[in-house]
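Hi,

Here is the structure I said I'd pass on. Have a look at it first, and then read my notes below.

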Number of protein chains: 2
Amino acid sequence: MSILVVGTVAFDAIETPFGKTDKIIGGAATYICLSSSFFSNKINLVSVVGEDFPKTAIQLLKNKKVNTKGLQIKKGEKTFFWSGKYHNNMNNRDTIETQLNVLETFEPIVPAEFQEAEFLMLGNLMPSVQKKVLDQITKRPKLIVLDTMNFWMDLFMEDLKRALKDVDVLTINDEEARQLSEEYSLVKAAKKILTMGPKYLIIKKGEHGALLFNKSEVFFVPALPLEEVFDPTGAGDSFAGGFIGYLEQTNDISFENMKRAIYFGSVMASFCVEKFGTEKLTNITQKDIDKRLQEFIKLVKIEY
Amino acid sequence: MSILVVGTVAFDAIETPFGKTDKIIGGAATYICLSSSFFSNKINLVSVVGEDFPKTAIQLLKNKKVNTKGLQIKKGEKTFFWSGKYHNNMNNRDTIETQLNVLETFEPIVPAEFQEAEFLMLGNLMPSVQKKVLDQITKRPKLIVLDTMNFWMDLFMEDLKRALKDVDVLTINDEEARQLSEEYSLVKAAKKILTMGPKYLIIKKGEHGALLFNKSEVFFVPALPLEEVFDPTGAGDSFAGGFIGYLEQTNDISFENMKRAIYFGSVMASFCVEKFGTEKLTNITQKDIDKRLQEFIKLVKIEY
């Protein structure tokens, strides 16, 4: 069993009401790999960086048993860079600067040895690039999960809809679900999106938890009320990593098991936001994860 | 066992993206009484209306076993009137018109036979009026619940803080919790508010559920994802009615039982918003409530 992770590996510069970072390691695939590494030891990464990307950061992923053979390192080019500033409520952010750099011409190449992945996680990336990965896969994975965002809906909605046709699980936030479906009610939005390709839809609501839909059922996982949210960057990717990591570990893609998987996703996201960037994800243990899962369960446990 | 409900009985005119009503029956106490009547048959109302208030509406409350002896009917005066318009997201609303009318000079009088109430629900009302009720009570009820809103915090924060000292449970929404505590994090806000008098705090988050805090624990109840929310008016009051109604019915004010009670509160709120005004609350049965409770439980039920 293995997971194929496709997404950005990047530099981020982040400002929140609690502080400010210089260029730190980020990118959707980085968070997904770090998060899923707590559940799986066969994680295969397809991404691209420039020559400026530190070897120590690649080594960090390798230490987490991530196979970086699919990570292209472009000589003389620069790594994708994003900088953003979060508002006081932490739910909204402004992009200050985006330097696409190596992403501008990124042609994903799935190494032959990655072709057998049973779980494919397409992290937030240009939809046409996500589609190129789907088109390279010779044997259909057991489960394909795609994450995307409003930015791509604004620019490349048709490309996104094409990619969605091949996908099992879509993960987006509430506003994106409304934009994609043109429905305000999330229940109606989910119904419509589940006719576009995905059999499952996860709507991430940040501090308000997440919803998992299939055609006939809905399940809700809360977010843990936290004393402080330092930096929401990567929370959605950490969620996706915990989700797909747990599914791979258990090799069970039933709706019942997806319920458990989104709990682990929420657990990983709750850690992610407690420090800047990837700091917290690189400093927790399996014991921390188990303990926090119990907090989540206790938060909603009721007996009648 | 009985519940003393204090709050407004009013006319509302409501506009939502789904439609518009003329003057209909509303007011916090109306919703609280209707909602709690599914759990308790000893509900005692203290409020005030004008001569223009329809006898049929009072009869409706009496039919629900609400004792209206404390409902003052002011000859030649007019009932409190509020009109508001909800934005597309239903989370925000603008007040179009407020005619205080009888509320301007409202002096609550608790009839002698209501003095023995074990449960006191102080619905959203001017804090000094809520305090006047507290000062009239000769025997302290087993549980005092107070609901309020940002409007009173803006105008009469000191009065509100005085009333809070005598209260067991405070119910407010997330923005109000932030305003009252001057803390952004809801966990920090709760800690601070629980030093102001209340031993329990319920933070209502509308479509995002509700949190119940005591000094050392937190519990979360989700909101049911609904196809349509027609009119959020009275949802918080219906929540409060279900909450205190269930506590009275079970005569158990432990934290464990409060968890069950906020489930019933959420169930009642979920019905309330499905039609305009009080329409839905007057057209459901015990069976509907039991069925919906099961939907809530299923929404978060997980087995590991």
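**Between the chains**

Lys188(B) and Glu228(A) join their side chains in a salt bridge, with N to O at 2.4 Å. Before you read too much into that number, keep in mind that this is a predicted model. Across the interface of chain A and chain B, the rule turns up six salt bridges. As for the contact itself, chain A puts in 36 residues and chain B puts in 35 residues.

**Inside chain A**

Over all chains the salt bridge count comes to 34. One within chain A pairs Arg140(A) with Asp168(A), whose closest N and O atoms are 3.1 Å apart. Arg140(A) sits in the loop between H3 and strand E10 (143–147), and Asp168(A) in the loop between H4 and strand E11 (169–173), so this pair ties together parts of chain A that are 28 residues apart in sequence.

Helix H3 (residues 127–136) and helix H4 (residues 150–164) of chain A have axes 8 Å apart, at an angle of about 20°. Angles under 35 degrees count as roughly parallel, so that is what H3(A) and H4(A) are to each other. The crossing of H3(A) past H4(A) is right-handed. On the H3(A) side the contact uses Pro127(A), Ser128(A), Lys131(A) and Leu134(A), while H4(A) brings Trp152(A), Phe156(A), Asp159(A), Leu160(A), Arg162(A) and Ala163(A). Sorted by class, that makes six nonpolar, one polar and three charged residues.

**Inside chain B**

How do H8(B) and H9(B) lie relative to each other, roughly parallel or roughly perpendicular? Helix H8 (residues 255–272) and helix H9 (residues 286–300) of chain B cross at roughly 110°, and their axes come within 10 Å. Since 65 to 115 degrees is the roughly perpendicular range, H8(B) and H9(B) are therefore roughly perpendicular. H8(B) passes H9(B) in a right-handed crossing. Residues making this contact include Tyr263(B), Phe264(B), Val267(B), Met268(B) and Phe271(B) of H8(B), along with Ile289(B), Leu293(B), Phe296(B), Ile297(B) and Val300(B) of H9(B). By class, the H8(B) and H9(B) contact has ten nonpolar, two polar and two charged residues. Asp288(B) and Arg292(B), both on H9(B), are also part of that contact.

Cheers

Note on methods
Residues numbered from 1 in each chain as written. Chains lettered and ligands numbered in written order. Predicted model: local features only at pLDDT ≥ 70, side-chain atom pairs only at ≥ 80, totals over all residues. Heavy atoms only, no water. Axes fitted to C-alpha atoms, helices over the stretch in contact; angles between N-to-C directions. Helix = DSSP H or I, 4+ residues; strand = E, 2+ residues; numbered from the N terminus. Parallel < 35°, antiparallel > 145°, perpendicular 65-115°, else oblique. Left-handed = near helix turned anticlockwise from the far one by under 90°. Contact = heavy atoms within 4.5 Å. Nonpolar A, V, L, I, M, F, W, Y, C, P; charged D, E, K, R; others polar. Salt bridge = Lys/Arg side-chain N within 4 Å of Asp/Glu carboxyl O.
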